[in-house]
Amino acid sequence: MSETTYVRAAALSELEEDTPKRVELDGTPVALVKTEGEVFAVNDICSHANVSLSEGEVEDCAIECWLHGSRFDLRTGKPSGLPATRPVPVYPVKIEGDDVLVSVTQES
Ligand code: FES
């Protein structure tokens with residue numbers, strides 16, 4: 001059984017509502033998004049092309065790729081529309097005090 005290891009990704013207080021923040025965790029680019037009272041972590045690279053999702057807009061618990069407009073659900077990573085057809089990985093998030101902890105060793 002693989003163990004879930006959490007690493008500190010950011011301070012909760014530095015995340016702005018609906019403004020994605022790109023961080024790199026163990027070499028994995030991750031977009032952190034605080035929205036609707038929760039923090040989500042998804043892989044920062046669009047599944048359609050090599051584009052940073054954290055430069056896109058957040059709405060209705062989804063992040064939109066700025067290049068071609070596919071929207072990925074922050075809970076599941078699934079795209080809701082073309083051209084992307086594959087989900088992006090999503091990662092478990094834990095909040096401890098002001099620390100946002102993310103596990104990139106396990107996709108959820
Ligand atoms: S690069 Fe993201 S939808 Fe095309």
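1. How far is the sulfur of C61 from the closest cysteine sulfur, and which residue holds that closest sulfur? The distance is 17 Å and the partner is C46, which is too far for a bond. A disulfide is a covalent bond between the sulfur atoms of two cysteines. With a disulfide taken as a pair of cysteine sulfur atoms within 2.5 Å, the count is zero.

2. On the basis of these remarks: the model is predicted, so local features need pLDDT of at least 70 and side-chain atom pairs count only at pLDDT 80 or more, while totals for chains, interfaces and linings use all residues. Residues are numbered from 1 along each chain as its sequence is written, and side-chain values use heavy atoms, with hydrogens and water left out.

3. C46 is buried at 7%, and C61 is buried at 1%.

4. C61 also has a backbone point to check: its phi is near 60°, a positive value in a residue other than glycine. C61 sits in the loop between strand 5 (58-59) and strand 6 (62-64). Strands (E, at least two residues) are DSSP runs, numbered from the N terminus.

5. D18 likewise has a positive phi, near 60°. This residue lies in the loop between strand 1 (7-11) and strand 2 (21-25), and D18 is partly exposed, at 33% relative accessible area.

6. L82 and P83 are joined by a cis peptide bond, with omega about 10°. P83 belongs to the loop between strand 7 (71-73) and strand 8 (90-91). Most peptide bonds are trans, and most residues other than glycine have a negative phi.

Terms used
Buried < 20%, exposed > 50% of the residue type's maximum accessible area, 1.4 Å probe, protein only. Helix = DSSP H or I, 4+ residues; strand = E, 2+ residues; numbered from the N terminus.
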